[in-house]
Amino acid sequence: QEAGMWFQFELPAPVRLTELQFQSGGAFGPPNAAPRPQPYARGYKVQVSLDRTTWSEPVAEGQGTGPSMHIVFAPVQAKFVRITQTASVEGAPAWGIQQLQLYQILEVKR
């Protein structure tokens, strides 16, 4: 893992995004083997964009504590989302994202 690695997602249309959740893959090995480092982002920042050229200041930043990530932030208009790793651990496997869920705020018209 190295700081600066990122994942980027494109949504079909801009939405008011407020939360994302995902799982990172587990570190599997032979039975009775020494534990391996878990493949999750040790530190992260989330940025958004409407055009994939101009990126926001981070809407969320934090430290990863395990393979289950739950990141909540103030509502922001987004078509593109980028999650960048900001920390690294010597010998840790590359991190991945599984079961990504993005949450938007729906405006009710009356």
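**Ground rules.** I number residues from 1 along each chain as its sequence is written, and my side-chain values use heavy atoms, with hydrogens and water left out. Because the model is predicted, local features need pLDDT of at least 70 and side-chain atom pairs count only at pLDDT 80 or more, while totals for chains, interfaces and linings use all residues.

**Entry: Glu19.** I found Glu19 in strand β1, residues 6–23 (strands are DSSP runs of E, at least two residues, numbered from the N terminus). Glu19 is buried (under 20% relative accessible area, 1.4 Å probe, protein chains only). What about a salt bridge for Glu19? Glu19 has none (the term needs a side-chain nitrogen of Lys or Arg within 4 Å of a carboxyl oxygen of Asp or Glu). The nearest side chain of opposite charge, Arg16, is 13 Å away; Lys and Arg count as positive, Asp and Glu as negative, and His and the chain ends are not counted.

**Entry: polar contacts.** I looked up polar contacts next (N or O pairs within 3.5 Å, one able to donate a hydrogen and the other to accept it; residues adjacent in sequence count only if both atoms are side-chain atoms). The Glu19 side chain makes one with the side chain of His70 at 2.6 Å and one with that of Gln21 at 2.8 Å. The side chains of His70 and Gln21 are joined by another, at 3.3 Å.

**Entry: His70.** I placed His70 in strand β4, residues 68–85. His70 counts as exposed because its relative accessibility is 51%, and exposed means over 50%. His70 and Gln21 lie 49 residues apart in sequence, yet their C-alpha atoms are 4.5 Å apart.

Technical notes:
Helix = DSSP H or I, 4+ residues; strand = E, 2+ residues; numbered from the N terminus.
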